[in-house]
Amino acid sequence: MGSSGEGRVKKSILVLINERSRRGEDFKGSDSIVKALRHGEKVPIAYYPESVDRMRELIERHHMEIEAILIGGGDGTLHAAIASLIKYGLPIGILPMGTANDLARTLGIPGDPEDAVRVILNGKLKAINLGIVNGEYFFNVANIGLGVRVAKRLSGSAKRKLGIFSYAKSLTDVFRRQRPFRVVIETDDRQLKLKSIQVAVGNGKFYGGGIAISEDADISENGLVLYSLEPKNIWQAAILGPLFKFGKIKGVNGITVLHSKKFRISTGRPMKISADGEIVSETPADFGFLPGALNVYVPEV
């Protein structure tokens, strides 16, 4: 070993880029991310896994030789990696390459992937919570009702074509056909019986491409935020749109907002639950969270 490198240890970073994410194809074969890591004296081990199983396999193979994992993709890609990330307790960096990128937005990670690489080189680690619904983990928000139908309707081609606007279009398309349902929400000290078209439980702050579940939601705080939306026609919902955008829904007529460490939610008939844009379970459902479950690189300021 030459004298200039003596005593200096380079650390390996596993780089996993989902080529099927909205911007993943743009970076396939690009060496800009690899160059940035090398410039920061990191040793990149880069792959473009074609499936969730392949991504998990690569984490399993390399976990002993790496100090962190850098994941390029959207919220669905990150969601698919949760079990492996918890298993090995490795810190993660995020390259926002999806359509919504709500976890990156919650954590203040820049939207440009090359800027996001600098976060893993110059940022700090932040311990974040994970939401849990019926034993399934999630980062952002879990939905019952409207949000599930939007998740089912969204296709990869629509997201690639319309980007963030695909969420608004899908919401408009499904709104008129959403039927109200009866829901019972239980916490440690109360029980509410409501009629709703949408129930959302948030661990993180943002979902659906930048909608804030509550202006005071925090992915590192000790609790979950829930809201239930009473039946509305499309014009009433449109008026409420700006309030939902910024999470300013406390005290608004027709919207119930609750904070708790856990919820039990039952519906008149079993209903699907989506989380981070993926269908993960159905009602009845127990919601909780795992505090400080993962360490994520975030900007220093």
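Mentor: Start with strand 10, residues 198–202. Five of its five residues are buried, so the strand is largely enclosed by the rest of the structure. Buried means under 20% relative accessible area; exposed means over 50%, and partly exposed lies in between (1.4 Å probe, protein chains only). Helices (H or I, at least four residues) and strands (E, at least two) are DSSP runs, numbered from the N terminus.

This is a predicted model: local features need pLDDT of at least 70, side-chain atom pairs count only at pLDDT 80 or more, and totals for chains, interfaces and linings use all residues. Residues are numbered from 1 along each chain as its sequence is written, and side-chain values use heavy atoms, with hydrogens and water left out.

Gln-198, Ala-200 and Gly-202 are buried on one side. Val-199 and Val-201 are buried on the other. Both faces are covered.

Next, its partners. Strand 10 pairs with strand 7 (residues 141–145) in the antiparallel sense, over five bridges. Two strands pair if DSSP finds at least two bridges between them. Within this pairing, Val-201 of strand 10 is the bridge partner of Ala-142. Strand 10 also pairs with strand 13 (residues 224–229), again antiparallel and over five bridges. There, Gly-202 stands opposite Val-225 of strand 13.

Turn to a loop residue. Thr-187 sits in the loop between strand 8 (181–186) and strand 9 (191–196). Thr-187 is buried too, with a relative accessible area of 17%. Leaving aside residues up to four places away in sequence, Thr-187 touches Ser-260, Lys-262 and Phe-263. Contact here means heavy atoms within 4.5 Å. Lys-261 is 74 residues from Thr-187 along the chain, yet their C-alpha atoms are separated by 8.2 Å. The side chains of Thr-187 and Asp-189 are joined by a polar contact of 2.9 Å. A polar contact is a pair of N or O atoms within 3.5 Å; within protein, one must be able to donate a hydrogen and the other to accept it, and residues adjacent in sequence count only if both atoms are side-chain atoms.

Finally, the whole protein. It has 11 helices and 18 strands. Buried residues make up 50% of its 301 residues. Take the contacts between residues at least 6 apart in sequence: 71% of them join residues at least 24 apart.
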